[in-house]
Amino acid sequence: MYKNRRVILFFIPSLSLFAFIALYPFGYAVYLSLTDATLISPTYSFIWFRNYVKMFLGADFWVYVKTTFIYSFGVTFIELFLGLALALALNVTEVRGKKVLRSLMLLPLMLPPVIGTLMWTTIYEPERGPLNFILSQLGLRPISWLGRPVEALSSVMLIDVYLFTPFAFIILLAGLQGISPYIYESAKLDGAGSWNLFRHISLPILNPTLMLVFLIRLALSFQAFETIYVSTRGGPAISTMTLNLQSYTTYFRYYHAGKAAAYAMFLWIIVFGISNIFMKQTRRT
Amino acid sequence: MEKKARRLLLVGVYIFLGLYLAIVLFPFYWIFITSIKTEKDVIAYIPKFFRFEATLENYADLFQIGAPKTTGEFIGKTPFLDYLLNSLKVVPAAVGFSLLLGIPAAYALARYRFPGKEKLAFFYISQYFLPPIIVLLPLYTIYQKFGLYDTYLGLILILQLVNVPLTILVMRGFFAELPVEIEESAVIDGCNFWQVLTKISIPLAAPGITATAFLTTVFSWNNFLFALMLVGTEKMPVTVGMLSFQTYVKVQWNLMASAAIIAALPPLVLAFLFQKYLVRGLTLGAIK
């Protein structure tokens, strides 16, 4: 470790840019959320917390909050479990073609989320899409994948799971491969079976990694955008409307800059809380 | 008994992996065959999985090569090539810029001790997690005031919001793994600080730089929200531009599919070429 007062010079270029693209606009957003500013009229007034009060009193707001929580906790848990299962499966000694399998399984993560969502939108097409065609061949009734509230939310969440399970998978696989084989060997000599090896060796060692993947995916899925914007735009009605998308819509469709900033602030505070836990967690490990 | 159970487990594992792989690959297959189907086959009431007439006419129409063969409101006026070129210009510039900004900061965070260091690291890294919409809303008007709206420069600058934290996250880990002793012996041999950095540390961290450049390229190419909010019609990158085939009236599936294939190729090809770095970069970024 070096010590030098001039170390600040290393940070000046990036910090000056961040002052312009992060700090200044953030302060501006806080201010905006306390005004009734719109994108149409140049004049506006300072209204203290009225945007927030109105937001908390609005019935729709709590629907957005609920949807956001269902979406992010839902996809995060599914991605974590599926990713862990896939990592364990690929870590089985006898499985062949691991490298090819891994490359193929990573494909969705590299895909621009917009395109991944478009792919699924074509598959979900109610009348001419392949998914309902397969259902009809199996003698099942077609499903309105994106056209009804409950189905739409699940279908959109499935797109998220498709895109981001590989993230959990790849990091957990690296974690599993980092466990020394000697630990398993000695446990096996003591007569431990596969389940016990997993339960009492892999899982405890993997625990901090699982926690990190959980927090990263939670923080990022709270602000999911493409998966919803491209497939349903928050509909039908408001059934897939999340805080992030509602903030965007309030700004660009209804031009209410102040209200949009209040939605964004609320979302920001939640995610800020999660990233604080994340930083504490990384320091511990 | 033990052996039989093991074989059963293996069969189960293969079935699980096979099913998952089928789900992973099917959307790619579907969008690909949609892109080489004729318009008639795309909108066929019974979807065609295998038997259809393969054609490149969608790609020709997408790039406006020859007389248009498909119909629809976009034919003959799709600026898809412009979108593609916009992305091809902006992404390398954004990646180079983030290396320039991020590497010095990552190096200092890995090598120096100073008060408030962890707070500073948190500031950078939290930018990667925090919802960008909070800064994008005000930046929409700020950019217009500064003449940055719908410009390459504006897009390159805002991409740093994610690229710089990512660079710092990955590069800090790489620098921390380099033994300090190498630098110290270079100093004893008479190298000044600048020579140590450019002749020793940065070349030794080259794999890290490759990993970082690869990850930031993919992130910048795939980015959607920044461009959606801060770029108009002129400098639209391909991820936003391809949505123009989706209107309220109808979706031009055949053109959109061929556009999707083209736009998805760069990150997918890079991922295959740099797979080793992908795993290293992502895990370093996530674990360290």
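How many residues of chain A are in contact with chain B? Select both chains: 72 residues of chain A are in contact with 69 residues of chain B, where contact puts the C-beta atoms, placed from the backbone, within 7 Å. Helix α12 of chain A, residues 257-284, gives the most to this side of chain A, with twelve residues.

Before moving on, a word on the model. It is predicted, so local features need pLDDT of at least 70 and side-chain atom pairs pLDDT 80 or more, while totals for chains, interfaces and linings use all residues. Residues are numbered from 1 along each chain as its sequence is written, with chains lettered from A and ligands numbered from 1 in the order written.

You will find 14 helices and zero strands (DSSP runs, H or I of at least four residues for helices and E of at least two for strands, numbered from the N terminus). The C-alpha trace spans about 75 × 75 × 35 Å along its principal axes.

Now pick out residues 80-111 and 206-222 of chain B, which are helices α4 and α10. Their axes (lines fitted to C-alpha atoms over the stretch in contact, with angles from 0 to 180 degrees between N-to-C directions) come within 9 Å and cross at roughly 140 degrees. The two helices, α4(B) and α10(B), are therefore oblique to each other; angles under 35 degrees count as roughly parallel, over 145 as roughly antiparallel, 65 to 115 as roughly perpendicular and the rest as oblique.

Finally, show side chains here: Val91(B) and Leu99(B) are among the α4(B) residues that meet α10(B), whose residues there include Ile209(B) and Trp221(B).

Terms used:
Two residues are in contact if their C-beta atoms, placed from the backbone, lie within 7 Å.
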